[in-house]
Structures are given as structure tokens and as C-alpha cells.
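Trainee: Before we start, could you put the sequence and the model on the screen? I would like to work through them by question and answer.

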Amino acid sequence: MADAPQRVAPDPTGGSPLAHRFAAGDPGAIEEVYAEHGALVHSFCRRSLDAGRAADATQDVFLAAWRSRDRYRPDAGTLAGWLLGIARFKVIDILRAEGRHADLVDAAGAEAGVTPFDRAVEASDVTAIGERMVLAEALAGLSERARHMIHLAFFEDLTHADIAERTGVPLGTVKSDIRRGVEHLRRHLGGFDDVEP
Amino acid sequence: MSSRDRSALEELGVTSAERTRLRRALDALEPDDEARVDPPAEVWAGISAALNDDGVPMTGAAHPGDVAGTTGTTVVRLGERRARRRHQAWVVGAAAAAAVLIAGIALALRDGSSSGGGTELVAAATLQPLGPVGEASADVELVRTDDHLELVLEARDMTPAPAGRHYELWLLDPSNPSAEPVSLGPMTGSTEAPVPDGVDPDEYDVVDISLQEAGQEEHSGNSLLRGTLT
């Protein structure tokens, strides 16, 4: 809910309390999940769909998520990632339905429609957008210091000691920041990957 | 002490495939990846109604805009949303942004700091009755946040649509008889609706609210309120 107090610090590995309540079917959880992630899901849908269809798709994603909540595994990934995983296939389905429509137009002799190759590229683009939005969501949950260290680890391939020297942050803090940061990114992508078409 | 030479990622058991995937995605991050547009209020209304039909007790409205405390427009950068929620600074100044080396995020941050993450009022209109709407009226603003345009509509005294019908928000281009109306989606009252990419508000400058039959995709021709953006 809008101003519910933060009851418990999120568990970095086993899923947040809200994720567990959602998976357990607590009716109040779906409202909180929507309040927390509605904009993420809707923004993702809007990247590929017009306003009306994006709104419909967003609604479908949350209903599908609630109705298949027994498939959500808080230990496998974050709710944000899992919801975008569902949204990814929803958007691809909608675009494919349009592709079929284009085929019908094509058969009737109109100008060339969408090819299977186009559709594969389209699905790949949708997936890439989802992956990036999941990562942006994860990065926004990290401190600026942790994001900087994550960059040094991924793009410069440095050791913990190098990063400590480069940033002036104690080695123990560097280790825990990077470990938590990497785990945070993994858990977001883990949720995204944990959805099947 | 061979571990001294192992990279941080190797020590954490990050495989080369995982590293490649993450690097590629991190490298490709762009400002749009962190822009957030709240869904219109109708989305939660639809979810809530469907869950009620499923027998799930719903206690009240949960709209992302309510949570984020937004007024006016609902297009926000992730940072603004997070900052509001957690009081955690995310948007940094240009000097600090230079130190944030994740390429896409840094780009997004620069974007956010140069524009201040604010919104610009592009045009506005008061919608006038065209049909039997009683006391209903509406004001609408076209606002721009970064590259996004959005209509922010404040409706007053709109009674619920009759059963089996709904209200829908449109942009029209009256100067071009062959231009199809552009739907911004169903609505029940005050709402925020992104303007689809490719729709030029200089041409589509008329805001229209119609009464639609269920399943009707084209404009019904039954307009209730309308106004020209100026």
C-alpha cells in the first residue's frame, strides 16, 4: 500500500517478504505488487505497443501473474524480473498476432507483410529491452558506490584488491558491495529467465 | 596466493557466459530503459474487478501514481521514483555522473540532470460538451518529459459509463479528413495517457472523449467532450 512502513529488510537471497506473501496467495499482496511494479511492467509494454494495447497487456500480466503465482519461486529471482518475464511473452504474443494479421493481408495481395525472420528479430528485440529494463531496475536499487564497483568488475575485470585501491574503499566493504551487487543483478535476471512461454 | 590474481567476478563464480551477457546488456543501457510511465488508473480498476470476480477480496485502489506521490504527469525517471520512495539520491550532478561509469546509466543520469527530470507544459485545452454529459467537464494538458509526450486529463463530474459501454480518449486531426483518430485508451475519469510515438500533436491537436460500445475499436462517432490544444 501507499505508505505501508517497511517492516523487514529485504532478504537478498531468499526473496522479499512481499514476494513470499505474493507467492503464498495473500490477497493484499497483489495490490502492493502492482503499486511497486505497475509502472515497470507498463513502461516495458509501451516500448513495443501503443497506449491502449500496453494498458491491456499490463492488466493481463498482473492477472496472469496472480493466477499463476504458484509458479513464482522467490528463491529463483525477484518479482520485478518475473513480472517482466511474463510481460515479455505477452508482448511477443500480441506482436505475433499482428503478424498473422499481416500475413492475411499479404495473402490477399496487399504489399509484403511480416516474415518469420522479422518476427524472430522482433521477439529478440522485445527480450533485449526486457533484459535491459530489468537491469536498470536492479541498478537503481544499488548505491552509486556499488554501481561504480560493478562497473569496474564487469568492464575492467579488476580484482577486489584493485577495486579497493582504485576507490579507496576498504577491501571488506568492496567484497560485500560487489557480492551483493552481483547477486542483485543475478536475481533480477533470474526472475526474468524463470518464465516459460 | 593465486586468489590475489583472480578477478572479482571470478571469485564470485561469475561464468564467462554470464559476464558476457551482463556486459552486453549493461553496455546497451539507454535512458528509455529507466523511464517509467505509470499505467492509467483503468488498469488497476480492471485487475481489481477481475480479481473480485475470482473471489479475491480487494480492499482499495493501488495505483503506482498514488505510491510515487506524483501529481500532474506520471512520467518519471527511475531515480525520481526511487528517491521519493526511499529518500535515496540517484540523480547526480554532471561531475559525479562522470564518475559513474556504467555507460548507459551515466548517459541516463546526464540526461536526467540536464533536463532536471522536469516536465514542460506544451499545450492545454478545456473540453466542451458535444453530447448529453450533464455537468461533466474536463481540462487537459499536453506535457513533455524528456522525449515523452503525455496527456494529463482532469475530469469533473463524469458519471460512470452505461453498462456495456465505456469512455475512450482520442486525439483527432480535423484538418485531414483521411487521418484516423488515435485512441489513447479507455478511461473512466481523470487519467494520464502517453501520446504514441509518431503522433504529431501539432496535427492531432483535438482531444476528444467518446462513448464506445464494448469491443468497438474504431471511434464510435459519439463524442461527448472535445477541445483543441493551444
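**Contacts, burial and packing**

Trainee: Which residues does Trp66(A) touch, not counting residues up to four places away in sequence?

Mentor: Touching means that two residues have C-beta atoms, placed from the backbone, within 7 Å. This is a predicted model, in which local features need pLDDT of at least 70 and side-chain atom pairs count only at pLDDT 80 or more, while totals for chains, interfaces and linings use all residues. Residues are numbered from 1 along each chain as its sequence is written, with chains lettered from A and ligands numbered from 1 in the order in which they are written. Leaving out residues up to four places away, the partners of Trp66(A) are Ile30(A) and Leu51(B).

Trainee: Is Trp66(A) buried or exposed?

Mentor: Trp66(A) belongs to helix 3 of chain A; helices (H or I, at least four residues) and strands (E, at least two) are DSSP runs, numbered from the N terminus. A residue is buried if 20 or more other C-beta atoms lie within 10 Å of its own, exposed if 12 or fewer, and partly exposed in between, with C-beta atoms placed from the backbone. Trp66(A) has 21 such atoms within 10 Å, so it is buried.

Trainee: At what angle do helix 3 of chain A and helix 3 of chain B pack?

Mentor: The two helices cover residues 51–67 of chain A and 41–53 of chain B, and their axes are 9 Å apart. Axes are lines fitted to C-alpha atoms over the stretch in contact, and angles run from 0 to 180 degrees between N-to-C directions. The packing angle here is about 35°.

Trainee: Which residues of helix 3 of chain B make the contact?

Mentor: Chain A's helix 3 brings Ala55(A), Thr58(A), Gln59(A), Phe62(A), Leu63(A) and Trp66(A). The residues of this contact are eight nonpolar, three polar and one charged, where Ala, Val, Leu, Ile, Met, Phe, Trp, Tyr, Cys and Pro count as nonpolar, Asp, Glu, Lys and Arg as charged, and the others, Gly among them, as polar. From helix 3 of chain B come Glu42(B), Val43(B), Gly46(B), Ile47(B), Ala50(B) and Leu51(B).

Trainee: Which residues of chain B are in contact with Leu135(A), leaving aside its neighbours within four places in sequence?

Mentor: Leu135(A) is among the residues with the most contacts inside that core. Within chain A, its partners are Leu185(A) and His188(A). Across in chain B, they are Ala25(B), Leu26(B) and Leu29(B).

Trainee: Which residues does Leu22(B) touch, not counting those up to four places away in sequence?

Mentor: Leu22(B) sits in helix 2 of chain B. It counts as buried because it has 21 C-beta neighbours inside 10 Å. Its partners are Phe154(A) and Leu185(A).

Trainee: How many residues of chain B are in contact with chain A?

Mentor: They meet 50 residues of chain A. The side of chain B that touches chain A divides into 35 nonpolar, six polar and 14 charged residues, and its largest share, seven residues, comes from helix 3 of chain B. The total for chain B is 55.

Trainee: How many helices and strands does chain B have?

Mentor: Chain A has eight helices and zero strands, and buried residues make up 46% of its 197 residues. In chain B the buried share is 39% of 230 residues. The elements of chain B are seven helices and 10 strands.

Trainee: What phi does Asp157(A) have?

Mentor: Asp157(A) is in the loop between helix 6 (144–155) and helix 7 (160–167) of chain A. It counts as partly exposed because 14 C-beta neighbours lie inside 10 Å. Although Asp157(A) is not a glycine, its phi is positive, at about 60°.

Trainee: What distance separates the C-alpha atoms of Ser68(A) and Ala23(A)?

Mentor: Ser68(A) is in the loop between helix 3 and helix 4 (79–107) of chain A. It is exposed, since 12 other C-beta atoms lie within 10 Å. Ser68(A) and Ala23(A) are 45 residues apart along the chain, and their C-alpha atoms are separated by 9.1 Å.

How values were computed:
A nonpolar core is a set of buried Ala, Val, Leu, Ile, Met, Phe, Trp, Tyr and Cys residues joined through C-beta atoms within 7 Å.
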